[in-house]
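Let's take a walk through this one, ring by ring and metal by metal. Have the viewer open and follow along.

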Amino acid sequence: MNQKKRLKVHLTGAVQGVGFRPFVYNLAKRLNLNGYVINDTHGVIIEIEGEERNINQFLISLQTEKPPLAHIFSQEIEELPLKGFEDFEIRKSESKGKKEVFILPDISTCDECFSELNDPENRRYRYPFINCTNCGPRFTIIEKLPYDRPNTTMKKFKMCSECEKEYKDPGNRRFHAQPNACPVCGPYISLFTSDRRFVSEKEQALKETVNLLKEGNILAIKGIGGFHLVCDATTDKAIKTLRERKRRGEKPFAVMFKDINQIKEYAEITDFEEAVILSPERPIVIVKSKQNTDLSKEVAPFLDRIGVFLPYSPLHHLLLNDFGKPLVMTSANLSDEPIVKDNEEAFEKLSVFTDYILIHNRDIKNRVDDSVVRVVDKKISFIRRSRGYAPLPVKLPFKLGKKVLAVGGHQKNTIAIGFDDNAFLSQHIGDLETVDACRNFEEVIHSFFELYDFKPEVLIADLHPRYHSTHWAKQFSQENSIPLIQIQHHYTHALSLMAENQIKDEPIFAVCWDGTGYGDDENLWGGEFLITDYKGYRRVCHFDYFRLIGGEKAVKEPRRVALSILFGIYDKNLPNIPTLKAFKEKEIELLHKTWEKGLNSPLSSSAGRLFDAAASILDIRQTLSYEGQSGMIMENFYDWNVKDYYPFQAGSTVSWKQIFEEMIKDSSDQQTKISRFINTLAHIVIEVYRQKGEGLKLGLSGGVFQNRPLIEKIIQLTKKEGINVLTHKKVPPNDGGLSLGQLCCIK
Ligand code: ZN
Ligand code: ZN
Ligand code: FE
């Protein structure tokens, strides 16, 4: 029974740029099958002809032996009449038709390339751009689909004969590796002074870069998705200077280490954290730092945690290896501006930070920041989903009827485009606070339109009238006659949680706690309990409103929130607590008047701001250097041995009065009071759920749920009660996840 057969197989998923076609070629050859394989804009098409037995084996091996980075999302098979193919070939890509293929993120240097990098006999020994079909840049170099060299920023480099041989040899691990390059034909690095004077290039440039770092200089170094500002992580002086020049206050810097063993000298990490640090996406992972190391205290002031990561490009490997010690590696930008990606831009903007710039001549098409994650309850929790993850889609639990563009929020902005059951979330765009940030926001939208050949049929934006993203969407909607839907911020948080957890039709009980978002009643919400489905929501409970004295100012000054809370409890008869020392007496009187009259003091129910109030009352911070700082410092103090909590009243609202009154009366130490406060918030979640949860799944979303003790305490309590909890694992709980939620409102 050696019957012959011909099949046409259509695969979609992450199947381009991962060595998929060479894999298919070799498999077909092995099994004596003829036909062809071709990339099209939907994915990969394979035709195979040969003995039925071999064809069956081919289909099995397609799934079981596929390259490590390939993800097959769907497979369609069609049987056709025999054609009599005489060989198996890889055909040239077609570029017509709807673009649906997945663009892969940038993947860190693989083990094989790493050993070649360190092998003096290899022709790519110490070559900073070594890569193969399993590793290297992808999203950052692609201009359009399909993913072929002429459609990437590698097009300007003509392969030398040896590289071309590898590229054309189906048995070679660089077969059709689009960024394939070597020291003879590929990109190279050059060192310049920031006033554009050429210093040196290639190996000499690397040597001088390392020496400059050893002398305590700050350098700008071009990487995969943009420039980093780099300096020795063990000397205070350079880091202090970096903070001043970057206007960065006390916000922690990420540190790159040469290998996992070096990380272990500086941090206490769990096995799961180790696995995440070593994953090919190479995110920055926030872990517990060890005391008494030579790491500068300037890296992460007041915190017992650091963001660590490993080299992810060959250039990083060489730098870290030659330098020996850990390096501060932070996105090269002024605060709130996008990361600098082009050489010209670097000379224009980075000379304020540094005297030396290490550039290279492979252009970055899409700017991408490093991703930041932490491990919570043995799962990845994103703080920023960017390099290594974007722009892989998040699968939706349903098909979108229309092509949707979601423009996200205002802080930590991401955008998303959606069609069918895919949500393509952009890389981190950031806070839309500056002209350049807003321009970058528009650039990312247009590059997504171009990459996916996408024209939206409907736009979704936040309800907030003053968000730049909303503003842009309104204008784009008018100019292009595309309908715009505006959607409430906290409902959006809940939707993103539902989508990534594959919730289909059932409603959930969503606790959405964050900084602030615009509410239906025009107040600033942020401590919300909602019952939600894809059609709408009911606000079943929220924290009692309090005034944010001075509006925006209160966001940066916990003492103002605390004062408002104190006025609410004691009016003018204030107890003598640390908050008061942060003001002059006259100021307090003045602020009382402002508060009483409600001048520039909007009402808010924000749980994030209640954290700030506690931080002020407990003498932790009176003003903030960066968003979320009070919560991050309070995490340091949390003590799992403290089990009790402050009494509170919950009904259709949750009152904060009693909680803070009890806290102020409490004569225990700071650590106990902080632990009791966090425990109180956890118990509030459980109590309101008991009253209003209707036995639904309990969802936790919003930036406040980046607080690890809080979320772990809630999970601990729900286990006891047998409550089913939903948390974020694919997108950040903060506003970086809003664009996903927005897409889902048109279900
Ligand atoms: Zn490789
Ligand atoms: Zn070459
Ligand atoms: Fe939010």
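Rings of Phe, Tyr and Trp (its six-membered ring) pair here if their centres lie within 6.5 Å; planes under 30 degrees apart count as stacked, over 60 as edge-to-face and the rest as tilted. What you're looking at is a predicted model, where local features need pLDDT of at least 70, side-chain atom pairs count only at pLDDT 80 or more, and totals for chains, interfaces and linings use all residues. Residues are numbered from 1 along each chain as its sequence is written, chains are lettered from A and ligands numbered from 1 in the order in which they are written, and side-chain values use heavy atoms, with hydrogens and water left out.

By that ring rule there are 33 aromatic pairs. Take F139 and F448: the ring centres are 6.5 Å apart and the planes sit at 80°, so this pair is edge-to-face. It ties together distant parts of the chain, with F139 in the loop between helix 3 (111-117) and helix 4, and F448 in helix 11, 309 residues apart. (Helices, H or I of at least four residues, and strands, E of at least two, are DSSP runs numbered from the N terminus.) F448 is buried at 0% relative accessible area, where buried means under 20%, exposed over 50% and partly exposed in between, with a 1.4 Å probe and protein chains only. W472 and F476 make a stacked pair, 4.8 Å centre to centre with 15° between the planes. Those two are four residues apart in helix 12, so about one helical turn separates them. Zoom out and F139, F448, W472 and F476 turn up in one aromatic cluster, which also includes F102, F441 and Y452.

Now for helix 11 (residues 435-451) itself. Just past the helix, D453 takes a positive phi of about 50°.

On to the metals. C110, C113, C132 and C135 coordinate the zinc ion (ligand 1) through SG at 2.3 Å; donors are N, O and S atoms within 2.8 Å of the metal (3.2 Å for Na, K and Ca), and water is not among the atoms, so sites may look incomplete. The donor residues are spaced C-x2-C-x18-C-x2-C.
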